[in-house]
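Work through the following exercises with the sequence and the model at hand. Each task is followed by its solution.

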Amino acid sequence: MHAPKPTAGSFVVSALADAKTLLASPAVGPWDGSVALQQVPGHSASAALIARGVALRALWMWGKDRARHARVRKIAANALAPRAIAGLLGKSATLALELLTPGREDQKMELVGEFVAPLIRQPFLAHFGVCGAQAAMLHGHFAMMAPFVRSVAAVSNEPAPYFALAAAAQMIDTLWEGPLPREAVGARVMIDAVNAGALTRDEAISHAILLMFGNETSVQALAGLIARLIERPDLWHAVASGALAVEKLVEEGIRLGPPTNMTLVRTTTAPVDCAGMTLAAGTEIRMPLGALNRDPCAFVDPDTFDPERDASKHIAFGGGPSLCVGAHLARTTLCIAIRALVTAYPASPQARIVRDMIRTHEQGVVAIHVDTA
């Protein structure tokens, strides 16, 4: 019997078990995130800024340079380690209750814009030294950077995301030159790494931006979870009464998403066996999280939101050496938010849920209008 011929090109994973095997394999490395514009148009100041954005993105930890990936990932993980984020989580818990008691007469609230977004964003950005007007400006840059996660093809053709990345870096660099607020623990971890020679200044800045940009997925994760919870008053009551553990609810919400509309991309560095074939070195591997976390071989009735199931087998945070360094923070923040919500409103609020293709993982929850009377 002949061994299967190595397959090159692109390979899409359709089974969760295969995805986990590949993510853990030493023969599968990060995707080459250095893909960039072929040409930077013109010689203007704008072109120079775009070129800087291209260079900064090439530093991101998901590139093929494994030594740099391990070095940078270790420091990024230190910036989000439990001890480093203790103050951040405390601020999140306090902020959650403040946001849910606005003290206004109409007793109406748009949960995504008035609760979810500020709760996720404000403490995390402050962790890296970004507050106030700078935070609002940074979110404008993040909106322009969306093609970096929306489409691999779009990245090579649009200069705007690179311009936004460079502008964000310029902002962070300036903020880090001045005195940092006490809560900017993550910024200090990155700056200390620069001073110790473990990172270059550009590496520290570009990865702080990557972490802050990546944190935006938690906004959709929490909004989607709240939307599902409002659809199920029985679950809302179970969480409020303590009959259902918040952690189980959160884990199932993460499995179903959003933001599991993303596709993980990896590259083989040596031949590797998967699904009865051998993938040649240099094969691009795509792992659509929305489909894999609904694998019927791994989850019974996979499209059903069932917090009683064991949802821990999902790969919403990736896996292997590239497991999301913010996974613990994301889970804990979502738990804080849900506990605050059911404490403020023990009964499920009346809600008009405005969603955009939540179950097909395209864009997620746009708004949740609630009457809390």
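**Exercise 1.** What span should the 18 residues of helix α16 (residues 327-344) have at 1.5 Å a residue, and how far apart are its end C-alpha atoms?

Solution. The model is predicted. The expected span is 1.5 Å times one less than the number of residues. For helix α16 this gives 26 Å, and the end C-alpha atoms lie 26 Å apart, so the two agree.

**Exercise 2.** Which residues of α16 are buried, and which helices do they pack against?

Solution. Take as buried any residue under 20% relative accessible area. In α16 these are A327, L329, A330, T333, L334, C335, I336, A337, I338, A340, L341 and V342. Their packing partners are α4 (86-99), α5 (111-127), α12 (216-231), α13 (233-241) and α14 (246-256).

**Exercise 3.** In what order do the four strands of the open sheet stand, and which of them are at the edges?

Solution. The order is β1-β7-β4-β2, with mixed pairing. β1 (10-12) and β2 (28-30) each have a single partner strand, so one side of each lacks a neighbour in the sheet. Neighbouring strands are turned by 35 degrees against each other on average, direction ignored. Within the sheet, β4 (residues 263-268) and β7 (residues 284-288) run antiparallel and are joined by five bridges. T267 has E284 in β7 as its bridge partner. Helix α1 (residues 16-24) lies across β2, β4 and β7, at about 130 degrees to β7.

**Exercise 4.** Where in the chain is confidence lowest, and where highest?

Solution. The chain averages a pLDDT of 87. The lowest mean, 49, belongs to helix α8 (residues 152-155), and the highest, 98, to helix α10 (residues 185-195).

Notes. Residues are numbered from 1 along each chain as its sequence is written. This is a predicted model: local features need pLDDT of at least 70, side-chain atom pairs count only at pLDDT 80 or more; totals for chains, interfaces and linings use all residues. Side-chain values use heavy atoms; hydrogens and water are left out. pLDDT is the predictor's confidence in each residue, from 0 to 100. Helices (H or I, at least four residues) and strands (E, at least two) are DSSP runs, numbered from the N terminus. Two strands pair if DSSP finds at least two bridges between them. Axes are lines fitted to C-alpha atoms, for helices over the stretch in contact, and angles run from 0 to 180 degrees between N-to-C directions. Contact means heavy atoms within 4.5 Å. Buried means under 20% relative accessible area, exposed over 50%, partly exposed in between (1.4 Å probe, protein chains only).
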